[in-house]
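Today I am opening my notebook to look around inside one structure. Come along and keep the picture in view.

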Amino acid sequence: MAAESLRVAVIPGDGIGVNVTEAALAAVEAARQRVGGFALSLQHLDAGAGYFRETGLDIVPQGEQAAGAADAILLGAIGLPAVRHPDGTEISPHLRLRERFELYAGVRPVKAYPNIPQRLADPRAAKIDLVVLRESTEGLFYSAAAHKRSQIIGDREVRDTLRITRSVSERLHDFAFRLAGKRKGRGRRGLVTCVDKANVFASMAFFRKIFDERARAFPDIETGYNYVDAMALDLVRKPWDFDVMVMENMFGDILSDLAAGLVGGMGMAACAEIGDARGLFQPAHGSAPDIMGQDKANPLAAILSAALMLDYLAERAERSAPAEAAGLIQDAVERGFAENRLRPVEFGGDMGTRAVTAEVLKLIAEPSRAP
C-alpha cells in the first residue's frame, strides 16, 4: 500500500446505518486531525434494501468492484424487513462481499465498560474482555440464500449444506492464535478456545482436528475446547474465563449476540471481517427501522468498528498514525463511560445519536489523562 491517501469504501446502507455511519466517520476525522500523518479518501456506495426497492439492484453497478479496490470497507447496516426477494429472504449484498473477498475472520470484540448496566450480578462481569472469532464465509452460511446453494425438493423439503474446508479453517485458526498473542502482549490471558460440536458432527471434528494441528505452531498460546451448547451456558456462568473463542459461522452468529448482551447490547457490538487482502468493518446490529430517524440509535458500535478499521489500515499500510487514531477513539469511549459522559438512550440514558457522537468528538479532542 502506497503512502498516498488510504481509500475507504463507505456503504451506509439502510435504516440507522446511515446515521451511525455518519457518526463513525465524524469520529475517524476528529481522531485523524488530532494525530495527523495520514489521509483518507472516501467513496460512498449505494447498497441495501432501500436501494433495491428503488432500482431492483442491491448494490450500485460496479459497486462490488469499487469496494474491492479500496483499502477497507466501512458498512452501516443492510436490510429492511418489509423489502424482500420473492423467496422471502432479505436483501443481503454484504454476504456476497464476504464471500467474494474471502473475509473469513469475523472479529467480534466483547468488552464491558464502566456505568453500562451489568446483565450479570457477579462483580467479575465488570471486567469482561473477550473476542468471538466467527468464521464468516462457509459453515452453515455456505447455503445462505444469497448464494443459492440450498437444495429445494418440491414443496416438501429443503436441505442446507454446512461446509468446512481445510484452507479456510487453517487461516482462521492461525488468525485466532495470532490475535491471542497480541492480546497476551497487552496483558490478557492468551487463550484460544475451539467452540464446536465435534461429538456429533464430522464437520466439527474436522474443524477441531485442524485447530489442534495449527496450535502446534503457537506453543506459547494456551488452548481450550467447548461444545457450542456448553459455551452458551459458560458465557452466562463465567465469561471472564475466556479470551479468544474461534468457531463456525452460524455458531458465531448466535454466540456473538449472546455475548454482546452481557455487556449492554448490540449498540456496543463492533465487528471486523478480515481476509488475507481486504477488510470490512461494521456494527453487528441491524438497520433497526423501528427507530430510524428518531435520534435513538447508539452509534458506539459503528464508532468502535471504525477504530478497528483504523487499526487494520495501520497494520496493512505499516504506518503508526492510523493506529494512534484508533487508540484515541477507543480511549474516548472508555473515558466517556468512566466519567458518565456517555449515556446512550439504549441503556436508559438521556443521549441520542447526535449527543453521543458530539460527546465522543469532545473526548477525542481532549488531552489524554494520565492513568
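**Entry: Ser136.** I began by asking: is Ser136 buried or exposed? I found that Ser136 is buried, at a relative accessible area of 5%; buried means under 20%, exposed over 50% and partly exposed in between, with a 1.4 Å probe and protein chains only. Ser136 sits in the loop between β5 and β6 (151-153). (Helices, H or I with at least four residues, and strands, E with at least two, are DSSP runs numbered from the N terminus.) Setting aside residues up to four places away in sequence, I saw Ser136 touch Arg98, Leu103, Tyr104, Ala105, Gly106 and Asn249; contact means heavy atoms within 4.5 Å.

**Entry: ground rules.** I noted that this is a predicted model, where local features need pLDDT of at least 70 and side-chain atom pairs count only at pLDDT 80 or more, while totals for chains, interfaces and linings use all residues. Residues are numbered from 1 along each chain as its sequence is written, and side-chain values use heavy atoms, with hydrogens and water left out.

**Entry: the cavities.** How many cavities of 30 Å³ or more does the structure hold? I found 2. On a 1 Å grid over the protein atoms alone, a cavity is a set of points where a 1.4 Å probe fits but cannot get out; a pocket is an open set with protein on both sides within 12 Å along at least five of seven lines, and lining residues have an atom within 4 Å of a point. Grid points are joined across faces, edges and corners, and a volume is the space filled by probe spheres set on the points.

Helix α4 (residues 93-100) provides the largest share of its lining, 3 residues. I sorted the lining by class into 3 nonpolar, 4 polar and 2 charged residues. (Ala, Val, Leu, Ile, Met, Phe, Trp, Tyr, Cys and Pro count as nonpolar, Asp, Glu, Lys and Arg as charged, and the others, Gly among them, as polar.)

The largest cavity has about 70 Å³ of space. Among its lining residues I listed Arg108, Pro109, Val110, Ser256, Asp257 and Ala260. Two elements give two or more residues to this lining: β4 (105-111) and α8 (249-262). By class, I wrote down 9 nonpolar, 1 polar and 2 charged.

**Entry: helix α8.** Next I checked the length of α8: its 14 residues should span 20 Å at 1.5 Å a residue, and its end C-alpha atoms are 20 Å apart, which agrees. (The expected span is 1.5 Å times one less than the number of residues.) The buried residues of α8 include Asn249, Phe251, Leu255 and Ser256. Why do I say that the buried residues line one face of the helix? Seen down the axis of α8, they fall within an arc of 150°, so they line one face; the arc is that of the directions from the helix axis to the C-beta atoms. Among the elements covering the buried residues of α8 I noted β4, β5 (129-135) and α7 (228-237).

Entry: The largest pocket holds about 1,300 Å³ of space. It is lined by 33 residues, and the closest to its centre are Leu179, Arg186, Leu308, Asp311 and Gln330. Which helix gives the most to this lining? I found that α9 does, with 6 residues. The classes here are 18 nonpolar, 2 polar and 13 charged.

For the second largest pocket, I wrote down a volume of about 530 Å³. Of the 26 residues lining it, Ile78, Ser92, His94, Leu95 and Arg98 are the closest to its centre. Helix α4 gives the most to this lining, with 3 residues. I also looked at burial in α4, and its buried residues are Pro93, His94, Leu95, Leu97 and Arg98. Just after α4, Glu102 takes a positive phi of about 50°.

**Entry: Gly286.** I ended in the loop between β12 (279-281) and α9, where Gly286 lies. Gly286 is partly exposed, with a relative accessible area of 42%. Apart from neighbours within four places in sequence, Gly286 is in contact with Ile16 and Ala77.
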